[in-house]
Amino acid sequence: MDQESTYSIGVVNWFGGENRQTGKVNNFGFISSYLSEDFYVNKNDLTNGNLVEGQFVLFEEQQQKNGKKSATNVHILYPKLETVEPPEHFLELLSIASGIANLVAKFDYKNHLVDWLNGPHGEIVLKHFNKEMGYNNSYLDLINRSDKSVELFCIYTDNSSIAELYESNIDPEFIPTAYLINNIKNIVSWWYSLRNVEHKKHLFDKGLSFLIRKSKVRTDLSVIYNNDELKEIVKYIREEFPLEQNTVEVINKLDSSNTLMNEYLKGTDIQTLLNNKISIFLLPECYVSNEINAVIGRIQQQNTAKDVLLDKEILNLIVNKASYIESLLHDSSDEIALSFTRLLANELPLNMDVITCISESERFELLFREYSKNFNLEDFIQSTIFSRYFLDSTPFTKNLPKWYLDEQIDAFFNDLEKANAFIKAKTPNQTLSFILSSPTYRIKAMKACGSVHLTNIVRLVSLLSDQDKAIEIKLLERVNNCPLSVSDIPSILPLLPKLGNDFMSNHIDEMCSWLSSLDGADKVEQLPNVIHFFDTSSLLALIFKGALTTNDIGNRIHEVDSFVLTILRKQKADVAPYVRDAYKNRFTSFSDFSSHPVFKPLIAENTIVIKKEQIKWQVYNKDLSFVYEIENTPEIAFDPEFFILAKMLPLINERNTYTDIESVVLHEIWQGLLNGSLDLNHPGLMTLFPACGSLPSNLSCEAFYWKTLEYNAYTKKYQPEKVYLCRSTPCRNPQVEPDLNKSYLNYNIYDWLSHYGVNYEHYSQPSKRDFAIKFAGYINRIKELHSRLNCRCCGTLMKPNMKYARVEATRFDPKLNKFVTFAVQAAYRMTVFHCGNESCAEFNNNYYINHCLGFKCYELIDSRDIEDKCDEGRYICPECKSCCSKHRDKYGHVNNGESDPIKHKNRYGSSPFIYNRPNKD
């Protein structure tokens, strides 16, 4: 290779192709070298052929003035003509050990190099592989992949001897398999000749690993060697080296007739094999059978009763064959049989084959007692071996003797007489099911109910089925009739819903004693888990007796609250008789009851509830004195529900227009917001103006009726369909239809207006022009604008600029007993706001804040954020580009040239109604 030139091998990334700008064919491209560097190449730098993507090329590296690399003297190597000999620079490059290693590391280059080796010039290429540093594994990998691997390998290794090849440290994985097979006898002879035993063993282990992976080599070995020759090799290995799993595995795969295996195992017992970690599954069945019988024979010849110690694998083999177990259990002495049974119980508990063999022994009871010492009936029933017997009592009792069942069931009932039996032992679910399914044992269970300890009854009842009601009744009678100690109470609490009022009445004092016995930590830990067992009556009685506080009952407070409300309404409370007794024993008067720490805050809250109900009764009866009651009850006056009813309903008379009513009520709402007495987030506002789900959750339903045409596939005609829209969104749950059949306590604004004679212009067809719908819309606008009405300088709520004409309205004054006319500013029309804080830098600066007037836009227009105005001086909406009615009527919307009627048609299609511009009132 030239001293001044650097040659490299690469693959063409791309070359040529049409230039998108000029439309001509490119005469250049790029080559990626085996070192992953990119080189620019021009057509003039080719020495042969034309470049295409994926070609294997040889090129001279050049450095351009701009620092980038380019390729010259580019020679196409692959695809190539068979007559073309490898270029000199290509052969020189292959002689560099590091170069070939980098080439082989890339799969594409590797394939190209193998193609060269397969071609007519393979030997020429091979001779240039550098061997100065020894045999290179990268070269060997290429040779092994070629079609002439054996021939090329011999050339590369110069027909070296087996010893020479070994000394060269060639990786066996890269030696052609055919070469190994052809020279196997030479390899074995060389291995025989080695004197260093450790070295010999090392090579033997590597050879075994190799043979385990190479099935073809093992197959060809059995062809090359006859059985006698292989037997001699196996015999030599057995004498020379210790027993190993890999050796057994290879021998097992070499000869299916077990001839070689028997030779290898000759004179070796099974325990020795297991000690050497050799799998029994690789051993001939005949060998294993003979060895197991020999083990059994040795056990039976023992004269002592010491434990029989067996390897776990041998034990598994014995158990897998009934004849082995039978031989040990039936043909051995009592001492040996017992010792073996004990071993089986520890190593193979609840094994069906073991139990079957025991049951067929003449020493059945002796052996079964020994085997079952560590188990109880529940263990046997729960084990999978008995799952197929459980439904059929005959096979089940055949394997478990009756005397054993009787003993276990007697023990079960004896345990139930002791406290907390289920805590000390495994829960006997299946045992109980078995007892109840057996007529004999079921009668025994009925009799035992009278002696079951109270602490076990809860668990027993939970295990009973619907067919066991008679037993459940007996157990509950046991709880009712048995003396109850404080320590028993936690165990019977889950039974309270089943025990009834009489039990609680009889034991309320014990319940109080138990609760009093709990210190703070115990109470915090235990009460949340058991409080739900007490019904409302027991909850109240325990509160009356001072055993429970507000903190103790948690979310159950609503039940107590309901009781208080019932008392305040002077209605009969649905509670057990013992609650009334507890009440009389605790309180001497209603005043005493009202001062109790649990009931005092509830009475205060519910007094307001009662007051509200009384006011609603007045409202329902159209008794206008309700206004006085609201305004003189501070807790109610600022509830938006009652505030609006007080301001609105007295105005409903023939002397006021709906516009006047709107003006007055909205003005009052603004004043309430300004002075901080009205909270838009108060739930009372949503009670009066309920939500429907079509708008955001904090906004009220303002649905209006819309009639559209829907195609009926059956009649093949368009038919009218009644729908509701909330701001052009389909309303699936409209709240605007009055429902006077429900309780007046649950009336909303639409119900109250209907009750006071304010109905929709068209029956059951609310429109956006109707008073109730407009009112709901105004409330929503107030909520949405309110979020913008804080001064950005000092944070106080801005005031509306009152420049608009005053509106006169008339309402009946119950104090004066006559109608009174008064003036009010139309605050709901206010769109200009200013800060009223004299110390603020923004004091009295006016800002325009309103909703966009564009069709269905509703974007907030805030002059603090928007500067663009039309030539009429109106702000341009950043969302829909609307500005004023003049530009809308003359030009349509600025953004898309569509007027409101066009947008209506696009939205509602073939609706039979003609679009009407909304009223400006």
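A residue is called buried here when its relative accessible area is under 20%, exposed when over 50%, and partly exposed in between (1.4 Å probe, protein chains only). Leucine 350 is buried on that scale, with a relative accessible area of 18%. This is a predicted model, so local features need pLDDT of at least 70 and side-chain atom pairs count only at pLDDT 80 or more, while totals for chains, interfaces and linings use all residues. Residues are numbered from 1 along each chain as its sequence is written, and side-chain values use heavy atoms, with hydrogens and water left out.

Let's stay with leucine 350 for a moment. You'll find leucine 350 in the loop between α19 and α20; helices (H or I, at least four residues) and strands (E, at least two) are DSSP runs, numbered from the N terminus. Its phi is near 55 degrees, a positive value in a residue other than glycine. Asparagine 420 also has a positive phi, near 55 degrees, and is not a glycine either. That asparagine 420 sits in the loop between α24 (402-416) and α25 (421-424), but at 29% relative accessibility asparagine 420 counts as partly exposed.

Now go to the strands. Five of them close into a barrel, in the order β1-β2-β3-β5-β4, and the pairing is mixed; two strands pair if DSSP finds at least two bridges between them. On average, neighbouring strands of this sheet are turned by 50 degrees against each other, direction ignored. Strand β1 (residues 7-15) runs antiparallel to strand β2 (residues 28-33), and five bridges join the two. On to strand β3 (residues 38-42), which is antiparallel to β2 and joined to β2 by five bridges. Here phenylalanine 30 stands opposite tyrosine 40 in β3. The hairpin of β2 and β3 has four residues between the strands, and serine 36 takes a positive phi there, near 65 degrees.

Next, the helices. In α17 (residues 312-319), the buried residues are Ile314, Leu315, Leu317, Ile318 and Val319. Their cover includes α15 (270-275), α16 (285-300), α18 (322-330), α19 (334-347) and α20 (352-359), where contact means heavy atoms within 4.5 Å.

The axes of α18 and α19 come within 7 Å and cross at roughly 135 degrees; axes are lines fitted to C-alpha atoms, for helices over the stretch in contact, and angles run from 0 to 180 degrees between N-to-C directions. The pair is therefore oblique, given that angles under 35 degrees count as roughly parallel, over 145 as roughly antiparallel, 65 to 115 as roughly perpendicular and the rest as oblique. Ile325, Leu328 and Leu329 of α18 make the contact with Ala337, Phe340 and Thr341 of α19.

Finally, look at helix α41 (residues 640-648) and helix α42 (residues 658-674), which pack at an angle of about 145 degrees with their axes 9 Å apart. Phe643, Ile644, Lys647 and Met648 in α41 meet Ile661, Val665, Glu668 and Ile669 in α42. This contact has six nonpolar, no polar and two charged residues; Ala, Val, Leu, Ile, Met, Phe, Trp, Tyr, Cys and Pro count as nonpolar, Asp, Glu, Lys and Arg as charged, and the others, Gly among them, as polar.
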